[in-house]
Amino acid sequence: IKLGGDITLTDTATGPLIDTTPYIAAFVFDGAGHKIRGLRINATSEASFIASNQGIVENLTLEDVAITSSSTASVNVAGLVGLNWGSIHRCSVSGTITATAVAVDNESGIGGLVGITMVYSKISECYSTATVSGAYHVGGLVGHSSAGTILNCYARGPVDGTTGTITGGLVGTSLSSTYPNIVQNSYTTDAVSGRLIGVNSG
């Protein structure tokens, strides 16, 4: 998929706009430097622009999103990608992401850009200025990092978690017992959480 111009959305969705489940390793979404404005999602489950990525998402700006999930289960809620196994490069999100009722477990992630990152994933030259609010694993850029690399990224939006120990200005939780979590040359300006990474044990 390659965008040919800017897009302004006017309808409200009830889930991810692009569902790549089951995973598609050859999936490529190239925003070509364009913007998608006004993404609105009011969900009772997963909520993000792309449900999962095992390929490449690049060169895309999501502007003025309003994404909400009322789910009490284990879900991924984010501006761009819910579950990331692949590469995300030069993408950004602004707006609001809210999921304050999700299950308190290690299967959820609420992030400005990505909900959960998985092994061998990579996020580079990306940022979020979105306001992010959630119940567990809440991060300005990534909610829950299970493994992978975050390089040359930042988050500047306010982050609010109802359980403060798992809230981070950049990454909510970094947990991995087998594969490394790498964060390099990245920062946050969030003063609510007071931490770059809420919990770091991998």
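Two strands pair if DSSP finds at least two bridges between them, and the strands themselves, like the helices, are DSSP runs numbered from the N terminus (helices are H or I with at least four residues, strands are E with at least two). The model on screen is predicted, so local features need pLDDT of at least 70 and side-chain atom pairs count only at pLDDT 80 or more, while totals for chains, interfaces and linings use all residues. Residues are numbered from 1 along each chain as its sequence is written, and side-chain values use heavy atoms, with hydrogens and water left out.

Begin with the sheet. Select L83, and then look across to I116 in β11, which stands opposite L83. The strands to display here are β8 (residues 81-84) and β11, which pair in the parallel sense over 3 bridges. Staying on I116, turn to the β16 side, where the bridge partner of I116 is H144. Strand β11 (residues 114-117) and strand β16 (residues 142-145) also pair in the parallel sense, over 3 bridges, and within this pairing T117 has S145 in β16 as its bridge partner.

Now widen the view to the whole sheet, an open one of 6 strands in the order β5-β8-β11-β16-β21-β24, with parallel pairing. At the edges stand β5 (50-53) and β24 (197-200), each of which has a single partner strand, so one side of each is left without a neighbour in the sheet. Neighbouring strands of this sheet are turned by 10° against each other on average, direction ignored (axes are lines fitted to C-alpha atoms, for helices over the stretch in contact, and angles run from 0 to 180 degrees between N-to-C directions).

Next, select S71, which lies in the loop between β6 (56-69) and β7 (76-78). Is S71 buried or exposed? With a relative accessibility of 5%, S71 counts as buried (buried means under 20% relative accessible area, exposed over 50%, and partly exposed in between, with a 1.4 Å probe and protein chains only). The side chain of S71 reaches the backbone nitrogen of A73 at 3.0 Å. Show also T44, S45, A101 and V102, which S71 touches when residues up to four places away in sequence are not counted (contact means heavy atoms within 4.5 Å).

Finally, move to G161 in strand β19 (residues 159-161). This glycine is buried, its relative accessible area being 15%. Leaving aside neighbours within four places in sequence, G161 is in contact with G134, V138 and T167.

Conventions
A polar contact is a pair of N or O atoms within 3.5 Å; within protein, one must be able to donate a hydrogen and the other to accept it, and residues adjacent in sequence count only if both atoms are side-chain atoms.
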